[in-house]
Amino acid sequence: MVIIMRNIFDYKIKELQVELVENGYKKFNGRQIYEWLYKKRVFNFDEMSNLSKKLREYLSLNYDFSDLKVSSHQVSADGTEKFLFELEDGNLIETVLMRHNYGNSVCVTTQLGCNIGCTFCASGLQKKKRDLEAYEIVLQVLKIATITKERVSHVVVMGIGEPFDNYDNTMKFIDIINNPYGLEIGARHITVSTSGIVPKIKQFSEEAKQVNLAISLHASNDNVRSSIMKINNTYPIREVIGSAREYVEKTNRRITFEYILLAGVNDEIAHADELSDLLRGLNCYVNLIRYNPVKEFLYVGTHEEKAKRFHERLLRRGITSTLRKEKGGDIDAACGQLRSKKINE
Ligand code: SAH
Ligand code: SF4
């Protein structure tokens, strides 16, 4: 008989408990195993000393551990760190650790490349090769917590890929890192960012727990949005905002819109006015993002003074909004600068 080894990091606690009980073990063993993996960071069943010998043997025969190899590691002047990890099949992914005054945040990758192909984003330069499995996303967080020996308190799903094009694995990942016996990352400290896949925003609203949702809007009308995000041809602004309204109604949570300020594209006062009209009455927050240059593209970020005027205009028109500089720009670790191949290739 061929035994198929299953990856232990791909298990939600409930799934693990079901398998344990089916095989004659106790439900609470699931919790013990989770604690060994995610709290004590022991990656060897033999060392899980509070489990019976029989259970340890069963686990060794049926489950294995996968690992991420650190292929390179860069540290930015502002404390941000970028990890290039090698997956077991040899593919490379990038993950970023950011240090904030409120704790450490990890920005995870969900796909190898991205098919959405936004015209300003380095991740979209490479067509999607495949989705990441849930355990490959879990390991990005676990590995960084293990290497740095620091607690990861926040996770942003904003690395390479469109998480809602890999919906099930992303949701499974969130369940695993959220578990109190595991990494215990609070749902309110997890943010998923989407380019606006409307049916998935609806699905997410139904099951959202307390996880934060951010939508990459980047424009105040369909003309501009379609010119920089071709996904807008499938899900135009009206539908995206409609699904955002539903999300807010269903979850009672505030939604975030991301808006990159691109010189000569979407940064006029008239755009700020159009944007505030669009978002009127919606419990939302606009995160104005400075464009991080990508050498393949000709875009230029909006000048600081003009960005401030845009920001002030939104505030004056009653839209909650922030404008800040991103971290990690000097090591190409800022949003939109990640790519799934070797650094700077
Ligand atoms: N695919 C998802 C999540 C990953 S991108 C999404 O698009 O939302 C995370 C954020 O980085 C998005 O808001 C994206 O629009 C933004 N981004 C992409 N390229 C960027 C760049 N060059 N400068 C600044 N932000 C960028
Ligand atoms: Fe993909 Fe998001 Fe980049 Fe667009 S911005 S190409 S959706 S990763």
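Q: Which residues are closest to ligand 1, and how many surround this ligand?
A: Ligand 1 is surrounded by 21 residues, and the closest are G161, S193, S216, H218 and N292; a residue is near a molecule or strand if one of its heavy atoms lies within 4 Å of it. The model is predicted: local features need pLDDT of at least 70, side-chain atom pairs count only at pLDDT 80 or more, and totals for chains, interfaces and linings use all residues. Residues are numbered from 1 along each chain as its sequence is written, chains are lettered from A and ligands numbered from 1 in the order in which they are written, and side-chain values use heavy atoms, with hydrogens and water left out.

Q: How much of ligand 1 does the protein bury?
A: Ligand 1 taken alone exposes 520 Å², of which the protein buries 96%. Accessible areas come from the Shrake-Rupley method with a 1.4 Å probe; for residues, only the protein chains shown count as cover.

Q: Which elements give two or more residues to the shell around ligand 1?
A: They are strand 10 (190-194), strand 12 and strand 13 (284-290). Helices (H or I, at least four residues) and strands (E, at least two) are DSSP runs, numbered from the N terminus.

Q: How do the residues around ligand 1 divide into nonpolar, polar and charged?
A: The shell of ligand 1 has nine nonpolar, nine polar and three charged residues. Ala, Val, Leu, Ile, Met, Phe, Trp, Tyr, Cys and Pro count as nonpolar, Asp, Glu, Lys and Arg as charged, and the others, Gly among them, as polar. The shell of ligand 2 has four nonpolar, five polar and no charged residues; among its members are C114, C118, C121 and G161.

Q: Why is strand 9 called largely enclosed?
A: Buried means under 20% relative accessible area, exposed over 50%, and partly exposed in between (1.4 Å probe, protein chains only). Six of the six residues of strand 9 are buried, so the rest of the structure largely encloses this strand.

Q: What makes strand 6 and strand 9 a pair, and in which sense do they run?
A: Two strands pair if DSSP finds at least two bridges between them. Strand 6 (residues 103-107) and strand 9 are joined by four bridges, so they pair; they run parallel. N104 stands opposite V152 in strand 9. Strand 9 is joined in turn to strand 10 by three bridges, also in parallel, and V155 has I190 in strand 10 as its bridge partner.

Q: Is N104 buried or exposed?
A: N104 is at 9% relative accessibility, which is under 20%, so this residue counts as buried. The side chains of N104 and E150 are joined by a polar contact of 2.6 Å.

Q: How do you know that both faces of strand 11 are covered?
A: N212, A214 and S216 on one side and L213 and I215 on the other are all buried. Strand 11 (residues 212-216) pairs with strand 10 through four bridges in the parallel sense, and with strand 12 through three, also parallel. I215 stands opposite F257 in strand 12.

Q: Which strands are the edge strands of the sheet, and why?
A: The open sheet has 10 strands in the order 3-4-5-6-9-10-11-12-13-14, with mixed pairing. Strand 3 (69-75) and strand 14 (321-324) each pair on one side only, so they are the edge strands.

Q: Why is F28 called partly exposed?
A: F28 has a relative accessible area of 46%, which lies between 20% and 50%, so the term is partly exposed. This residue is found in helix 2 (residues 28-39).

Q: Is K149 buried or exposed?
A: K149 has a relative accessible area of 75%, over 50%, so this residue is exposed. Its place is the loop between helix 4 (134-148) and strand 9 (152-157). K149 has a positive phi of about 55 degrees although it is not a glycine.

Technical notes
A polar contact is a pair of N or O atoms within 3.5 Å; within protein, one must be able to donate a hydrogen and the other to accept it, and residues adjacent in sequence count only if both atoms are side-chain atoms.
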